[in-house]
Amino acid sequence: MSVDRQAIVAKTEALPDADFYADGRVVKTPLIYSEPLSALSGCKVYLKCENAQTTGSFKIRGAVSAMLRLAPEDRVKGVLTASSGNHGAATATAATALGIPVTIYVPESISPTKEQKILATGAKLVKVPGSSDQAEKVAARDAREQGLCYVSPYNHADVIAGQGTIGREILSDLPDVEAVFASVGGGGLISGLGANTLAVKPDVEIVGCWPSNAPAMLECLRAGKVIEVEEQDTLSDGTAGGIDDDAITLPLCQATITKTLTVSEDAIANAMRLVHSAHGYVIEGAAGVAVAGLLQAKAHYQGKTVVVVLCGQNITDVVFQGVINSGGEHHENTH
């Protein structure tokens with residue numbers, strides 16, 4: 001099933017602000033001017049601080065959007081999803097806040113810390129042998145068999161529409177924006193914010209940023225179809241992983257992303273250190289990808305007003321200190 005940009009924008013615009021931004025759900029995150037990054041890049045750099053979002057990641061936007069749009073009978077029966085990181089915590093938090101039963105499928109290798117974080121929301125946890133991709137497949141299968149709603153981390157129109165509220169907030173705070181940099185995994189974030197930004201201001205550049213080690217969606221865009229992409233370990237584990245065969249985000253990314261960039265692991269680690277040094281923020285690798293993308297492409301944006309989406313802050317102290325101290329050889333899954 002294909003969903004076009006206009007459909008996503010319509011879904012985003014239809015979200016009821018009073019419910020979407022209710023206490024304990026989504027917060028309108030700050031858009032701050034970064035003097036240090038502006039001086040370093042020669043651009044007017046603003047940071048969209050999704051690291052300050054509920055659950056520490058933009059993912060709560062899509063989760064709340066999906067929960068609010070559930071049919072009454074689906075709210076009663078409950079939902080399933082799969083994620084040991086940001087999407088799992090977001091869906092668990094959103095569903096619990098709305099009184100919706102929720103079960104999160106995770107790989108057996110989930111860390112005890114993440115397991116406790118998800119369980120603390122009141123969600124049920126199901127451990128699946130194998131990878132995160134396998135947990136997603138089992139969750140989707142069980143949802144079909146049990147007649148329950150499966151909420152994909154990105155391959156879901158209501159989830160994408162929720163991420164689109166980032167675009168609305170950016171335009172409200174900074175109408176003069178000329179380019180937005182965002183990291184890309186499954187494509188839900190950039191599809192949503194890109195569709196909503198371009199609907200109002202068609203000349204804004206939507207810049208998709210990937211780690212060179214994990215460019216799954218980028219290679220699918222180049223191929224014009226979903227393909228298998230071999231990936232290596234990356235600090236941006238939140239954007240790593242394959243793309244669903246029926247991903248509605250592929251055509252959406254084709255229609256919204258106007259420029260693509262890949263960045264090295266060293267560049268990601270350096271970006272994370274820069275943001276911490278400049279603003280005191282702890283950001284996860286996926287957020288570092290977008291900052292690194294701007295710094296790599298800065299020659300093309302001299303004097304321009306740009307926004308970099310800091311998509312989240314969910315990284316363990318051990319991993320972050322590894323980045324600060326050594327450039328970051330440690331990796332974890334925050335998808």
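Trainee: How much space lies in the largest pocket?
Mentor: About 1200 Å³ of space is found there. A pocket here is an open set of points on a 1 Å grid over the protein atoms alone, with protein on both sides within 12 Å along at least five of seven lines. Points are joined across faces, edges and corners, and the volume is the space filled by probe spheres set on them.

Trainee: Which residues are closest to the centre of that pocket?
Mentor: Asp 133, Glu 136, Tyr 154, Gly 242 and Asp 244, out of 39 residues that line the largest pocket. Lining residues have an atom within 4 Å of a point.

Trainee: Before I go on, what am I looking at, and how is it numbered?
Mentor: It's a predicted model, so local features need pLDDT of at least 70 and side-chain atom pairs count only at pLDDT 80 or more, while totals for chains, interfaces and linings use all residues. Residues are numbered from 1 along each chain as its sequence is written, and side-chain values use heavy atoms, with hydrogens and water left out.

Trainee: Good. What supplies the largest share of the lining of the largest pocket?
Mentor: Helix α8 does, with six residues. Both α8 and α9 (157–163) supply at least two residues each. Helices (H or I, at least four residues) and strands (E, at least two) are DSSP runs, numbered from the N terminus.

Trainee: And by class, what does the lining of the largest pocket have?
Mentor: There are 12 nonpolar, 14 polar and 13 charged residues. Ala, Val, Leu, Ile, Met, Phe, Trp, Tyr, Cys and Pro count as nonpolar, Asp, Glu, Lys and Arg as charged, and the others, Gly among them, as polar.

Trainee: Let's stay with α8. How far does it reach from its first C-alpha to its last?
Mentor: Residues 132–146 make up its 15 residues, and the reach is 21 Å, close to the 21 Å expected at 1.5 Å a residue. That expected span is 1.5 Å times one less than the number of residues. Just after α8, Gly 147 has a positive phi of about 70°.

Trainee: Which residues in α8 are buried?
Mentor: Ala 135, Glu 136, Val 138, Ala 139, Ala 140, Asp 142 and Ala 143. Buried means under 20% relative accessible area, exposed over 50%, and partly exposed in between (1.4 Å probe, protein chains only). The buried residues of α8 pack against β3 (79–82), β4 (102–107), β5 (124–128) and β6 (149–150).

Trainee: Switching to cavities: how many are there of 30 Å³ or more?
Mentor: Three, where a cavity is a set of grid points at which a 1.4 Å probe fits but cannot get out. The largest cavity has a volume of about 170 Å³. Its lining has 20 residues, with Phe 58, Lys 59, Gly 185, Gly 238 and Thr 239 nearest the centre.

Trainee: What gives the largest share of the lining of that largest cavity?
Mentor: Helix α11 (residues 188–200), with three residues. The lining of the largest cavity divides into eight nonpolar, 10 polar and two charged residues.

Trainee: And the largest nonpolar core, which residues touch the most other members?
Mentor: Val 180, Phe 181 and Met 217, in a core of 66 residues. Helix α15 (residues 285–297) gives the most to this core, nine residues. A second, separate core of 27 residues includes Phe 20, Ile 60, Val 79 and Ala 95. A nonpolar core is a set of buried Ala, Val, Leu, Ile, Met, Phe, Trp, Tyr and Cys residues joined through side-chain atoms within 4.5 Å.

Trainee: What does Met 217 touch, not counting residues up to four places away in sequence?
Mentor: Val 184, Gly 185, Gly 186, Trp 210, Ile 243, Thr 249, Leu 250 and Cys 253; contact means heavy atoms within 4.5 Å. Met 217 is also one of the buried residues of helix α12 (residues 216–223). Those buried residues pack against β8 (205–211), α13 (249–256) and β9 (259–263). Gly 224 follows α12, with a positive phi near 75°.

Trainee: Now loops. Does Cys 43 count as buried or exposed?
Mentor: Cys 43 counts as buried because its relative accessibility is 3%. The residue lies in the loop between α3 (35–41) and β2.

Trainee: And Ala 120, buried or exposed?
Mentor: Ala 120 counts as exposed, because its relative accessibility is 68%. You'll find Ala 120 in the loop between α7 (112–119) and β5.

Trainee: Last one: what is phi of Thr 55?
Mentor: Near 65°, a positive value in a residue other than glycine. Thr 55 is in the loop between β2 (44–49) and α4 (59–68).
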